Amino acid sequence: MAGALAVAGVVAPTTLTFVAATAGESGGLGIQSFLWGLSNARESPHAAIIIEEANLWGPTDDVAIGGSDQIERDDLVATAAASEGLTPVSLTARYERSATSVGSAKTAFVRARIPFASVGAGAVLRGGGPSARTLAISSYYNSHFGRTSDNLLPSFDFEGLQSQVRFSIRLAWALAQVGAAPTN
């Protein structure tokens, strides 16, 4: 995402920081570590976008969004989604598994008073419907998730991830243009 904006040569009206955090399943330790490293309020982000689940299953008609009410229900989300031909749906209502890790990220960002949006993969595959995606994900999680074989597979389709990343870039750019107010 950072590389795409740099190549485009666009200059944001505010600093955009990109962080690849790990240990989400361990209570969001990666995000907490990043937030703990911020030394004062002037360095505090105005908003955050988390790629909660990479869409490796193919292009979808929707994108899952969770997070702060200020961002989750914002017109910026709808505009960014529409520009990619996606319909925003609730992340936590769609994915029980993701709701746990969204909770740990939410806790870290709520404590830091930073509005955030978690972006998850859509559920309705173009041309395949929700059952095809559900079967593909179930097969992967049952056979690979959390095991040594939990790696990129030749069967992964990155077209959905590309759309998800473009959506996230559009949302980040829109947030940089208007800023986001800290939550209480």
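**Confidence.** I started with pLDDT, the predictor's confidence in each residue, from 0 to 100. The protein chain averages a pLDDT of 76, and 76% of the residues score at least 70. Over residues 96-102 the pLDDT is below 50, and beyond near neighbours in sequence this stretch has twelve contacts in the model; contact means heavy atoms within 4.5 Å. I also noted residues 180-184, where pLDDT stays under 50 and the model has 13 contacts beyond four places in sequence.

**Ground rules.** This is a predicted model, in which local features need pLDDT of at least 70 and side-chain atom pairs count only at pLDDT 80 or more, while totals for chains, interfaces and linings use all residues. Residues are numbered from 1 along each chain as its sequence is written, and side-chain values use heavy atoms, with hydrogens and water left out.

**Layout.** I found eight helices and four strands in the protein chain; helices (H or I, at least four residues) and strands (E, at least two) are DSSP runs, numbered from the N terminus. Read from the N terminus, the order is α-α-β-β-α-α-β-α-α-β-α-α. Among these elements, helix α3 (residues 69-72) has the lowest mean pLDDT (59) and α4 the highest (90).

**The whole chain.** I looked up burial next, where buried means under 20% relative accessible area, exposed over 50% and partly exposed in between (1.4 Å probe, protein chains only). Of the 184 residues in the protein chain, 38% are buried. For contacts with a separation of 6 or more, 79% come from residues 24 or more positions apart.

**Strand β4.** Is β4 enclosed or open? All five of the five residues of β4 (residues 116-120) are buried, so the strand is largely enclosed by the rest of the structure. In a regular strand the side chains alternate between the two faces of the sheet. Here both faces are covered: Phe116, Ser118 and Gly120 are buried on one side, Ala117 and Val119 on the other.

**Its partners.** I then checked pairing, which takes at least two DSSP bridges between two strands. Strand β1 (residues 48-51) runs parallel to β4 and is joined to β4 by four bridges. In that pair, Ile51 has Val119 as its bridge partner. β2 also pairs with β4 over four bridges, but in the antiparallel sense.

**Ala64.** This residue sits in strand β2 (residues 62-67) and stands opposite Gly120 in β4. Ala64 counts as buried because its relative accessibility is 0%. I also looked at Gln164, which is 100 residues from Ala64 in sequence but 9.5 Å from Ala64 in space, C-alpha to C-alpha.

**Helix α4.** Which residues of α4 (residues 75-83) are buried? They are Leu76, Val77, Ala80 and Ala81. An α-helix has 3.6 residues a turn, so residues three or four places apart point the same way. On the other side of α4, I found Asp75, Thr79 and Ala82 exposed. Gly85 follows α4 and has a positive phi, near 70°.

**Aromatic rings.** I finished with rings of Phe, Tyr and Trp (its six-membered ring), which pair if their centres lie within 6.5 Å. The count comes to four aromatic pairs. Trp57, Tyr140, Tyr141 and Phe156 form one aromatic cluster.

Conventions. Rings of Phe, Tyr and Trp (its six-membered ring) pair if their centres lie within 6.5 Å; planes under 30 degrees apart count as stacked, over 60 as edge-to-face and the rest as tilted.
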